Amino acid sequence: MKILLVGLNHRTAPLEVRERFAVDDPRPWLDKLVATDEIEEAVLLSTCNRVEVLVTTRSADSARHRLHGFFQRELSRGEASPGRYSLYEFADREAVSHLFRVASSLDSMVVGEPQILGQVKEAYRVAAEVGAAGPVLNRLLPTAFAAAKRVRSETEIGMRPVSVARVAVDLARQIFESLEDKSALLVGAGEMIVVALQSRRGAGLAGVRVANRTPSHAAALAARSGASAHGLDELPELVAGADVVLASIASARPLLGVELFSDALHARRRRPIFVIDLGVPRNVDPEVNRLDGVYLYDVDDLGGVAEANAEERRRETARAEALVQEEVQRFDGWLSALRAVPTIRQLRARAEWLRREEVERASRRLVLSEEQRQGVEALTRALVNKLLHAPMSHLRSQAEQEEGIAQLQAARELFALDDTAAPGAEADGEPPEESEPE
């Protein structure tokens, strides 16, 4: 079984390309992927800064070709020029390491931001829900979450969590010097908006309005933070009354256009508006930036600001990377054990160790001649061989099937082969016997 990851991110594709690959609902894409002969399991992660597909396969070359075609012909919907982006690809241990780094926010635009872990968990939840995650990914993703937890709890990266939304609020403070007499409009009701509202407390904004496609969602969010709630039909009036506009809402096309801001500037008597567009696809028409009095920043712009303030977090990166590699090594051990021969040899070795221990224990209580001792040896060895014959034969025959992976894992759990304190675990360090029971 091979693990393969193909994707693009903020380093390999500009925002205007990434937004064309953005996936709102991964379910139909996952169904299409796992329906092919090349791919066994799949998870699709789509955020404002990356789109990645992680799969397991028994035919790495065929799956690699399938995934590249998936990005270039299907996911991009034919709209992204191949010259504007490059796909990266990782296999096996490198794919596992990349996933763990992503979940731990070590590969993020803002190192240490907490949102990415929730996004990876949601991608896995959807894959499990539609049946696209199988025995390997059902082990791999939770291990990635454990790695991320260790990074946040054992390093300083998570001590002062940051995010693109918080960087946006800090930038607004720099532009206006003081936000105490400024009002803000937040368009959306998702996680980015929640973070922005939390950051607002420290920023000192005078008033905040929340507008969303579903007014009840805006109302629920506003009630928790002392803001007022509105529908998108109120945008012209809301934009005209806002000094800071932060947008992060799911939309296939920009909701805030040039005419909207032009009218708002007229109503404001040309007082400037600071606009932060966190949407992917973008929520604000890029042409808005041409208007005098509107200062528009998108997620790539904010990444540059975050990079300038990331030196303190970088000092903790080496420690975090070491923790990630420990978890990668642990997963590698599990994956290696899911091959039939190591599992069978370990089971055989533990059974033989227990057999010898019991024979020795009995010999100390009984007075046996050499002939009798050899008879006990032959009897117990034959008994162990007969008991193990059926399960071992079954594991060998099923090892190359997808369900065989689940059965190998079940066997390891049933016989406690991953428990170093289980009876017979002392045999794990011994060299394997020359032969195995037939």
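Helices (H or I, at least four residues) and strands (E, at least two) are DSSP runs, and I number them from the N terminus.

**Ground rules**

I'm working with a predicted model, where local features need pLDDT of at least 70 and side-chain atom pairs count only at pLDDT 80 or more, while totals for chains, interfaces and linings use all residues. Residues are numbered from 1 along each chain as its sequence is written, and side-chain values use heavy atoms, with hydrogens and water left out.

**Entry 1: arginine 350**

I looked up arginine 350 and found it in helix 14, residues 340–365. Is arginine 350 buried or exposed? Buried means under 20% relative accessible area, exposed means over 50%, and partly exposed is in between (1.4 Å probe, protein chains only). Arginine 350 has 3%, so it counts as buried. Next I listed its contacts (heavy atoms within 4.5 Å).

**Entry 2: the open sheet**

Here I checked pairing, which needs at least two bridges found by DSSP between two strands. What is the order of the four strands in the open sheet? I read it as 2-3-1-4, with antiparallel pairing. Strand 2 (41–46) and strand 4 (88–91) are the edges, each pairing on one side only. For angles, I used axes fitted as lines to C-alpha atoms (for helices over the stretch in contact), and angles run from 0 to 180 degrees between N-to-C directions. Neighbouring strands in this sheet are turned by 15 degrees against each other on average, direction ignored.

Then I zoomed in on strand 1 (residues 2–9), which runs antiparallel to strand 4 and is joined to it by four bridges. Leucine 4 has alanine 91 of strand 4 as its bridge partner. Helix 4 (residues 93–103) packs on the sheet and touches strands 1, 2, 3 and 4; its direction makes about 115 degrees with that of strand 4. I also noted helix 2 (residues 27–34), which lies across strand 2 and strand 3 (50–57) and runs at about 150 degrees to strand 2.

**Entry 3: strand 5**

Why is strand 5 (residues 183–187) largely enclosed by the rest of the structure? Because five of its five residues are buried. Ser183, Leu185 and Val187 point one way, and Ala184 and Leu186 point the other way.
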